[in-house]
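Please look at the sequence and the structure on the screen while I go through them.

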Amino acid sequence: MSADLVPALKARFPQATDRASVDHPAVNVPLDELVAVLRYLRDEQGFDVLTDLTAIDWAEGASPRFTLVYHLHAPGRPGTYVRVAAPCAGTEREPTAPSVVSLWPAADWHERECFDMFGIRFAGHPDLRRILMWDGYPYHPLRKEFPLAGIETDLPVADIAQETGTRVIAAPMAGGPFVASAGEINLTEAEPRAKDESWADRGARPDQTALRQVKE
Amino acid sequence: MVSASADLGYDSKVEGGVIVSRADAVINWIRTNSMWPMPMGLACCAIELMAVGGARFDISRFGAEVMRFSPRQSDCMIVAGTVTYKMAPQVRRIYDQMAAPKWVIAMGACASSGGMYRSYAVLQGVDRLVPVDVYVSGCPPRPEALLDALMKLQAKVRTEPATRRLFSA
């Protein structure tokens, strides 16, 4: 059933191309056809459920820098999924894409998360605010140039920040991040662990003065 | 009132009904045995906190079973879980709203140090925000560990100069 889906879609939208996929059918489409393709899939192919909407950051300087990925499900045909990918327009700092909230209300929070984490501006979104980080946070954490530990900035509430003197700091990695070893036969060795052993109990501890305690 | 009664200084009739003690001992005894927690449940540690309040572990044996969701009525904030930077100002705000004397237990690895969340989103230890009295290790800690922390806190409160603080505050 899903085998004739991609040919039908490509007959309707000649610019669509196959996308490498190990499981479900997937297509690449240009951004200006994205909404038309998604509307076609929803209205004529029964993909009533938007199961996920996310983005890929291909690293700084890549072109396209960001690719949007939509996962759709057709409940009338259980087990039928399709994945649609489209490159973002706009600049690296402010990538843009059309909103699909008008097609699936479920896209609302997904697009807010995408905006929060990657900084993608969805044109036509009814309420494009951050959803995980707080309003006014100056970065987009899932971008490749953003370090896992974070970047020092201010607490969300000014008077609390002033009262406690605490700031948002770059987290001390303390030997982390914890990464698994791919291809390791010994499962104990493959477990996620800190590769930097300098912060183990047998070694000296790094300077912790940045972690100032609040005095009573 | 001036009285001519000869037994003004000592009345043998009330002898059995009088206890002589220090104010510190009395105040601390009252405080330690009725320490109402402010359950700051932020993550999975809160589940263990609920177990502590349940029949099996029964924190009421230590006088701390009255979980208050109003900071005005609570004495001891139990920070149970991961404190994100987004939540951190609210944690401090609730601590500020609690009436003194007040204490804080940092329950579990996340509240104590950020735990495994070495990340941009997580406060690296609630002691950067509020003064912590007792830290509990574990991820999450066993209910017994929290009971032990409460007993440790009670032992600490018993040594406080409560009267001096009352009159100096």
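Two strands are said to pair if DSSP finds at least two bridges between them. Helices (H or I, at least four residues) and strands (E, at least two) are themselves DSSP runs, numbered from the N terminus. This is a predicted model, in which local features need pLDDT of at least 70 and side-chain atom pairs count only at pLDDT 80 or more, while totals for chains, interfaces and linings use all residues. Residues are numbered from 1 along each chain as its sequence is written, and chains are lettered from A and ligands numbered from 1 in the order in which they are written.

I begin with the sheet of chain B. In chain B, β1(B) and β2(B) pair in the parallel sense over 5 bridges. One of the residues involved is B:M40, whose bridge partner in β2(B) is B:V79. The whole sheet is open and has 4 strands in the order β1-β2-β3-β4, with parallel pairing. Its edge strands are β1 and β4 (134-136) of chain B, each of which pairs on one side only. From one strand to the next, the twist averages 15°.

Which strands does helix α2 (residues 45-53) of chain B lie across? This helix lies across β1, β2 and β3 (103-107) of chain B, and runs at about 130° to β2(B). Helix α5 (residues 143-158) of chain B also packs on the sheet, where it touches β2, β3 and β4 of chain B. The direction of α5 makes about 170° with that of β4(B). Such angles run from 0 to 180 degrees between N-to-C directions, and the axes are lines fitted to C-alpha atoms, for helices over the stretch in contact. Two residues are in contact if their C-beta atoms, placed from the backbone, lie within 7 Å.

Let us turn to the two chains together. In total, 18 residues of chain B are in contact with 25 residues of chain A. The side of chain B that touches chain A has 8 nonpolar, 4 polar and 6 charged residues. Here Ala, Val, Leu, Ile, Met, Phe, Trp, Tyr, Cys and Pro count as nonpolar, Asp, Glu, Lys and Arg as charged, and the others, Gly among them, as polar.

I now move to chain A. Helix α2 (residues 31-45) of chain A has 15 residues and reaches 20 Å from its first C-alpha to its last, close to the expected 21 Å. The expected span is 1.5 Å times one less than the number of residues. The buried residues of α2(A) are A:V37, A:L38 and A:L41. Seen down the axis, these buried residues fall within an arc of 100°, so they line one face of α2(A). The arc is that of the directions from the helix axis to the C-beta atoms. A residue is buried if 20 or more other C-beta atoms lie within 10 Å of its own, exposed if 12 or fewer, and partly exposed in between, with C-beta atoms placed from the backbone. The face turned away from the buried side carries the exposed residues A:D32, A:A36, A:D43 and A:E44. The buried residues of α2(A) pack against α1 (5-12), β4 (66-74) and β5 (80-87) of chain A.

Finally, I consider the strands of chain A. There, 8 bridges join β3(A) to β4(A), which run antiparallel. Strand β3 (residues 49-57) includes A:I56, which is partly exposed, with 17 other C-beta atoms within 10 Å.
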